[in-house]
Amino acid sequence: SRRRAHLSRHLTTQKIGNNILLYGPNKSHWPIHCLIGPQWGVALLTYALVTVPSTLFVIYISNSKFPFVSLTTFVLVACVLLCLSFTAFSDPGIVYGTNGGAIEQRTFQEIQSADQCHNHRNSIFKPPPNSKQESTASLENDVFGASTFPTEPNNATNSSEDNFVCENSNEVNVCGICNIERSINATHCDRCGVCIENLDHHCPWMSKCVGPKTLISFYGFIFGSVLLVLFVSTCLII
């Protein structure tokens, strides 16, 4: 019964943000799982742009050429489709929540603490009254009408506030949209509706974001597509 429950959980479709997990565990890659993005129709168009012209080339043109032309075209198309499938159906590096509902109870406190830390740090780096910075700023206001040069903190003053440390300022970084804990390198994608660790960019031709887990296969798709176009163009010219 436990094994059946495990299989049924992996065979049940899930919605992760705006993505749809058709089968398999969420933290994996294709073909172990299949995670399609919100722009899956554009991904089907990408498949069509690769397969349809290549098939027509093999049927009507490459047969009249040398035998290795059809074989080379088949190998290039297979490599391009493999990289495309791995990029379009794999997890690019989605950040999943680890604390469940507990993070929702701490979110407001963490954000409020971060705001207090930010405001306090901004108040520290203000020059003290009657200092050289203030006199310089007032002179600039008289001459230019506004202060155009930033002022630096007075290094001579060393109060106890300079050693202020915001508690938990580096421990938790909460996404204001996903409401989950994430690292400072994670970025939220509005189209996919999730946070991606070290997000490279959102590619509609892949139907979702490209992250560290799919970046190599994405470059492989680009490189293979360029080689395929050059090879077919050369065969057409010759």
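# Chatting about a predicted fold

Student: Where is Ser207 found?

Tutor: Ser207 sits in the loop between strand S8 (201-203) and strand S9 (208-210). Keep in mind that this is a predicted model.

Student: Okay! Is Ser207 buried or exposed?

Tutor: Ser207 has a relative accessible area of 1%. Buried means under 20%, so Ser207 is buried.

Student: What does the side chain of Ser207 reach?

Tutor: The Ser207 side chain reaches the backbone nitrogen of Gly37, at 3.3 Å. Not counting residues up to four places away in sequence, Ser207 also touches others, including Trp40, Ala43, Ala88 and His202.

Student: What about Lys208, where does that lie?

Tutor: Lys208 lies in strand S9.

Student: And is Lys208 buried or exposed?

Tutor: Lys208 is buried, with a relative accessible area of 1%.

Student: What does the Lys208 side chain reach?

Tutor: The side chain of Lys208 reaches the backbone oxygen of Leu35, at 2.7 Å. Leaving out residues up to four places away in sequence, Lys208 touches a list of residues, among them Asn19, Thr87, Phe89, Ser90 and Cys192. Here is another pair to look for: Lys208 and Ala43 are 165 residues apart in sequence, and their C-alpha atoms are 9.0 Å apart in space.

Student: Let's zoom out. How many helices and strands does the protein have?

Tutor: There are six helices and nine strands. The protein has 238 residues, and 32% of them count as buried.

Student: What share of the contacts comes from residues 24 or more positions apart?

Tutor: Taking contacts with a separation of 6 or more, residues 24 or more positions apart account for 59%.

Student: Which residues touch the most other members in the largest nonpolar core?

Tutor: Those are Phe89, Met206 and Phe221, in a core of 21 residues. Strand S3 (34-36), helix H2 (40-60), helix H3 (67-89) and helix H6 (215-237) each supply at least two residues of this core. H3 gives the largest share, with seven residues.

Student: Why would nonpolar side chains be together like that?

Tutor: In soluble globular proteins, nonpolar side chains tend to be buried together.

Student: What is Phe89 in contact with?

Tutor: If you leave aside neighbours within four places in sequence, Phe89 is in contact with Trp30, His33, Cys34, Leu35, Ile36, Tyr47 and Lys208.

Student: New topic: how many salt bridges does the structure hold?

Tutor: The structure holds one salt bridge. In it, the side chains of Lys213 and Asp91 meet at 3.8 Å, N to O.

Student: Which parts does that pair tie together?

Tutor: Lys213 is in the loop between S9 and H6, while Asp91 is in the loop between H3 and helix H4 (102-124), so the pair ties together parts 122 residues apart in sequence.

Student: Why can side chains like that pair?

Tutor: Side chains of opposite charge can pair when their charged atoms come close.

Student: And is Asp91 buried or exposed?

Tutor: Asp91 is buried, at 1% relative accessible area.

Student: What about the surface? Which residues make a nonpolar patch?

Tutor: Val52, Leu56, Ile59 and Tyr60 make a nonpolar surface patch of about 420 Å². Val52 has its place in helix H2 and is partly exposed, with 45% relative accessibility. The protein as a whole exposes about 15400 Å², and carbon and sulfur atoms supply 61% of that.

Student: Last one, the backbone. Which peptide bond is cis?

Tutor: The bond from Trp30 to Pro31 is cis, with omega near 10°. You can find Pro31 in the loop between strand S2 (19-23) and S3.

Student: And what is phi for Asn179?

Tutor: Phi of Asn179 is near 60°, which is positive in a residue other than glycine. Asn179 is in the loop between strand S4 (173-174) and strand S5 (181-182). Asn198 also has a positive phi, of about 55°, although it is not a glycine. The loop between strand S7 (194-197) and S8 is the place of Asn198.

Student: Why point those out?

Tutor: Most residues other than glycine have a negative phi, and most peptide bonds are trans.

Methods. Residues numbered from 1 in each chain as written. Predicted model: local features only at pLDDT ≥ 70, side-chain atom pairs only at ≥ 80, totals over all residues. Heavy atoms only, no water. Core = buried A, V, L, I, M, F, W, Y, C linked by side-chain atoms within 4.5 Å. Buried < 20%, exposed > 50% of the residue type's maximum accessible area, 1.4 Å probe, protein only. Helix = DSSP H or I, 4+ residues; strand = E, 2+ residues; numbered from the N terminus. Contact = heavy atoms within 4.5 Å. Polar contact = N/O pair within 3.5 Å; in protein donor to acceptor, adjacent residues only side chain to side chain. Areas by Shrake-Rupley, 256 points an atom, 1.4 Å probe, with all protein chains shown as cover. Salt bridge = Lys/Arg side-chain N within 4 Å of Asp/Glu carboxyl O. Patch = residues over 30% accessible without salt bridge, like charges linked within 9 Å, V, L, I, M, F, W, Y side chains within 5 Å.
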